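This briefing is meant for a reader who is meeting the structure for the first time. Please look over the sequence and the model, and then follow the points below topic by topic.

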Amino acid sequence: MSSHVLWSCTIRLVIPQYCDEKKINLVILSTPISSYYREASLPQYKEDFYRVLNNIQGTIHLIDLYDDLSFTIDDYNDTDHLSDLGAAKLTSILQEVLNKL
């Protein structure tokens, strides 16, 4: 069995089942991307990501900020990494969402 297949099975089956049994909230974060990344990203990436999530056997809480347009170019240090302003914005969003779980 390849390491990719083993890792895929672990992600889809073992971790979610363990979290469900232990009453652990399994949270998956899809981080925001800059407009530069959005323009260059392939639609297949997003489709594959959601296909994998849909095959997870267990309870997950998805925090999906991938297409969150409230993050502007001013929230990034470069085309990929959040600035202090962007990190503060992301932290605030995460605190709000996680407090509701």
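This is a predicted model: local features need pLDDT of at least 70, side-chain atom pairs count only at pLDDT 80 or more; totals for chains, interfaces and linings use all residues.

**Aspartate 67 and its partners**

- The side chain of aspartate 67 meets that of arginine 38 in a salt bridge, with an N to O distance of 4.0 Å.
- This pair links distant parts of the chain, because arginine 38 belongs to helix 2 (residues 35–40) while aspartate 67 lies in the loop between strand 2 and helix 4, 29 residues apart.
- Arginine 38, with a relative accessibility of 24%, counts as partly exposed.
- Lys46 also takes part, for Arg38, Lys46 and Asp67 are linked in a network of salt bridges.

**Other salt bridges**

- Side chains of opposite charge can pair when their charged atoms come close.
- Over the whole structure, a search finds 5 salt bridges, including the one between arginine 38 and aspartate 67 that is described above.
- Another of them joins arginine 51 to aspartate 48, whose closest N and O atoms are 3.3 Å apart.
- Both arginine 51 and aspartate 48 belong to helix 3 (residues 43–54), where they are 3 residues apart, or about one turn of the helix.
- Arginine 51 is partly exposed at 47% relative accessibility, and aspartate 48 is likewise partly exposed, at 26%.
- Lysine 89 and aspartate 75 form a further salt bridge, in which the closest N and O atoms are 2.8 Å apart.
- Since lysine 89 lies in helix 4 and aspartate 75 in the loop between strand 2 and helix 4, this pair ties together parts that are 14 residues apart in sequence.
- Aspartate 75 counts as buried, with a relative accessibility of 2%, whereas lysine 89 is partly exposed, with a relative accessible area of 27%.

**The chain as a whole**

- The secondary structure of the protein chain comprises 4 helices and 2 strands, and along the sequence these follow the pattern α-β-α-α-β-α.
- The protein chain has 101 residues, of which 20% count as buried.
- Among the contacts in the protein chain with a separation of 6 or more, 66% are between residues 24 or more positions apart.
- The protein chain exposes about 7200 Å², and carbon and sulfur atoms supply 57% of that area.

- Apart from its neighbours within four places in sequence, serine 30 is in contact with Phe49, Ile63, Asp64, Leu65 and Tyr66.
- Lysine 23 lies in the loop between helix 1 (3–21) and strand 1, and it is exposed, with a relative accessible area of 74%.
- The phi angle of lysine 23 is near 60°, which is a positive value in a residue other than glycine.
- Leucine 101, in the segment after helix 4, counts as partly exposed at 43% relative accessibility.
- Together with Val27 and Leu98, Leu101 makes a nonpolar surface patch of about 220 Å².

Technical notes. Residues are numbered from 1 along each chain as its sequence is written. Side-chain values use heavy atoms; hydrogens and water are left out. Contact means heavy atoms within 4.5 Å. Patches are made of residues with over 30% relative accessible area and no salt bridge: like charges are joined within 9 Å, nonpolar side chains (Val, Leu, Ile, Met, Phe, Trp, Tyr) within 5 Å. Accessible areas come from the Shrake-Rupley method with a 1.4 Å probe; for residues, only the protein chains shown count as cover. Buried means under 20% relative accessible area, exposed over 50%, partly exposed in between (1.4 Å probe, protein chains only).
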